[in-house]
Amino acid sequence: MVAKISSSLLPDNTTIHEDGMVAFAGIRADDLAKEYGTPLFVYDEAHIRQRCREAVQAFPDGVSYATKAFLCKAMARLAYEEGMGLDVATIGEAFVAIEAGVPAAKLTMHGNNKSYEELQYAMENGIGKIVIDSFDEIAKIEQLFSNGGSPIQALIRITPGVEAHTHEYISTGEEDSKFGFTVSTGLAEKAIDKASNLKAIELIGIHAHIGSQVFTQESFRKSTETLADLSNSFSLPELSVGGGLGVPYLNNETSISISEWGAIVGKVCEDRGVTARVTAEPGRSIVGSAAVTLYTVGTIKKLDGIRTYVAVDGGMHDNPRPALYGSGYETFLARSAASARQMPVTLVGKHCESGDVLVRDGAVPEDITVGDLLATPVTGAYGQSMGSNYNKVLRPAVVFVNSGQAELVVRREELTDLLNTDMG
Ligand SMILES: Cc1ncc(COP(=O)(O)O)c(C=O)c1O
């Protein structure tokens with residue numbers, strides 16, 4: 001017997017109707033599924049706004065939303081309206097943010113291998129800052145500048161040599177990393193010296209991002225200490241601690257809040273006498289628990305003595321995290337959201353791979369049946385954004401719900417979308 005789904009994993013404005021059906025911001029899950037179909041990403045807009053406000057308070061010198069976690073025009077506008085800048089990692093993310101109406105000056109461009117095209121786009125469109133990741137990038141900027149490009153404000157990304165204690169694929173602050181300039185070998189100092197002496201670059205600070213889904217407070221502390229010491233020795237105006245705050249995905253997990261993370265960073269900077277502005281760029285902690293994905297059960301396969309497979313109409317195309325990192329999720333039946341879940345199941349998708357698992361160790365009530373609506377919580381970050389068209393599956397719609405109203409912010413793909421780029 002597994003306990004009912006923990007309310008802490010659900011969007012803030014989740015309620016349960018008398019008949020047991022879960023509702024988001026006042027709209028029943030079955031009504032959402034009827035109107036928009038499944039799979040469906042449902043985002044609680046007020047929840048996202050609350051997290052944005054918390055971040056703005058926790059980092060009063062400036063905070064950007066890391067758009068890679070989830071980006072569409074409505075999300076870009078929302079984060080900007082709430083006083084955040086936007087962190088973009090490619091020309092594509094920058095384009096969507098600018099198309100959404102976010103001023104380019106509010107964008108920070110990342111990337112360990114920015115192309116000439118991306119750097120030129122940043123210069124021509126007046127992107128606020130870029131975060132420099134390599135000496136080759138500095139050379140590209142110089143070349144573009146000498147060809148008539150405008151100077152650009154920049155931070156240097158450093159690699160502080162800190163273990164993030166997260167999955168190796170999303171750990172980025174160790175010395176063996178493709179990102180940034182290592183501090184311990186002196187490369188970071190060299191990069192700062194080099195960038196400070198170029199007309200093409202106005203060096204405004206240093207940056208570190210140690211990884212994503214980080215729960216270890218000590219890792220944030222250590223990384224901030226390294227940043228603080230380096231920042232103090234060069235007297236640069238900005239110190240960015242990146243993002244990375246972890247969120248719980250399972251009933252038994254807990255994490256610190258955005259405010260607590262801000263307090264840890266603030267304390268280190270205060271203790272070390274940092275005078276630079278201290279900025280951050282959270283993604284997952286802004287949108288992760290704001291969303292659930294709704295699926296329809298298509299088949300139930302009981303393999304006696306082995307396991308029960310429940311297959312739904314989504315899969316690794318809408319949430320590749322379990323396949324990529326072995327990430328754990330919970331699931332629950334939308335019509336009995338407050339019930340204990342007696343039956344262990346493995347929730348799988350519709351792709352031609354055994355690795356197409358959404359929830360390896362899930363549990364549902366025993367009366368689950370084909371046609372039921374299942375929900376997986378905490379799918380707001382790195383689900384839709386990392387999704388694909390594998391098997392030419394159509395990507396799901398995304399709705400924002402708020403005070404009893406649903407807004408379709410990304411429509412479901414149609415078959416003809418699959419031929420958009422096909423020159424056949
Ligand atoms: C440079 C940078 N900043 C911020 C983030 C956001 O991280 P998270 O979504 O874990 O907060 C990432 C994600 O990997 C990143 O690479």
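## A buried glutamine

With 24 C-beta neighbours inside 10 Å, Gln213 counts as buried, because the cut-off for that label is 20 or more. This residue sits in the loop between strand E11 (201-207) and helix H8 (217-234). Please keep in mind, as you look around, that the model is predicted.

What is the phi of Gln213, a residue that is not a glycine? The value is positive, about 55°.

## The chain as a whole

Let us step back. The protein chain has 11 helices and 21 strands. Along its principal axes, its C-alpha trace spans about 70 × 55 × 40 Å. For 424 residues, a compact globule would have a radius of gyration near 22 Å, and the chain agrees because its own value is 22 Å.

How much of the chain counts as buried? The share is 49% of the 424 residues. The contacts also tell us about the fold: among those with a separation of 6 or more, 71% join residues 24 or more positions apart.

The domain assignment gives domain 1 (7-44 + 288-419) and domain 2 (45-286). Notice that domain 1 is written as two stretches of the chain, 7-44 and 288-419. The C-alpha centres of the two domains lie 31 Å apart. Their contact takes 29 residues from domain 1 and 21 residues from domain 2.

Which elements supply at least two residues each to the side of domain 1 that touches domain 2? They are strand E4 (40-44), helix H11 (321-325), strand E20 (397-402) and strand E21 (405-410). E20 gives the most, with 4 residues. By class, this side of domain 1 has 16 nonpolar, 10 polar and 3 charged residues.

## A three-stranded sheet

Three strands form an open sheet in the order E1-E2-E3, with antiparallel pairing. Strand E1 (14-16) and strand E3 (27-28) stand at the edges with a single partner strand each, so one side of each has no neighbour in the sheet. E1 pairs with strand E2 (residues 22-24) in the antiparallel sense over 3 bridges.

Is Ala25 buried or exposed? Ala25 counts as buried because it has 23 C-beta neighbours inside 10 Å. Its phi is near 50°, a positive value in a residue other than glycine.

## A cis peptide bond

Most peptide bonds are trans. The bond from Thr38 to Pro39, however, is cis, with omega near -10°. Pro39 lies in the loop between helix H1 (29-36) and E4.

## Two partly exposed loop residues

Pro237 is placed in the loop between H8 and strand E12 (238-240). With 14 other C-beta atoms within 10 Å, Pro237 is partly exposed. Which residues does Pro237 contact, leaving aside its neighbours within four places in sequence? The contacts are Ile204, Gly205, Ala276 and Arg277. Pro237 and Val274 are 37 residues apart in sequence, and their C-alpha atoms are 9.7 Å apart in space.

Gly126 belongs to the loop between helix H5 (116-125) and strand E8 (129-132). Gly126 counts as partly exposed because it has 13 C-beta neighbours inside 10 Å. Not counting residues up to four places away in sequence, Gly126 touches Ala104 and Ala105. The C-alpha atoms of Gly126 and Leu86 are separated by 14 Å, and these two residues are 40 residues apart along the chain.

## Around the ligand

How many residues surround the ligand? There are 17, and the closest are Ala66, Ser212, Gly243, Gly283 and Arg284. By class, the shell around the ligand divides into 5 nonpolar, 8 polar and 4 charged residues.

Conventions:
Residues are numbered from 1 along each chain as its sequence is written. This is a predicted model: local features need pLDDT of at least 70, side-chain atom pairs count only at pLDDT 80 or more; totals for chains, interfaces and linings use all residues. A residue is near a molecule or strand if its C-beta atom, placed from the backbone, lies within 6 Å of it. Ala, Val, Leu, Ile, Met, Phe, Trp, Tyr, Cys and Pro count as nonpolar, Asp, Glu, Lys and Arg as charged, and the others, Gly among them, as polar. A residue is buried if 20 or more other C-beta atoms lie within 10 Å of its own, exposed if 12 or fewer, and partly exposed in between; C-beta atoms are placed from the backbone. Two residues are in contact if their C-beta atoms, placed from the backbone, lie within 7 Å. The radius of gyration is taken over C-alpha atoms; the globule rule is 2.2 Å times the number of residues to the power 0.38. Domain bounds come from an automatic or database domain assignment. Two strands pair if DSSP finds at least two bridges between them.
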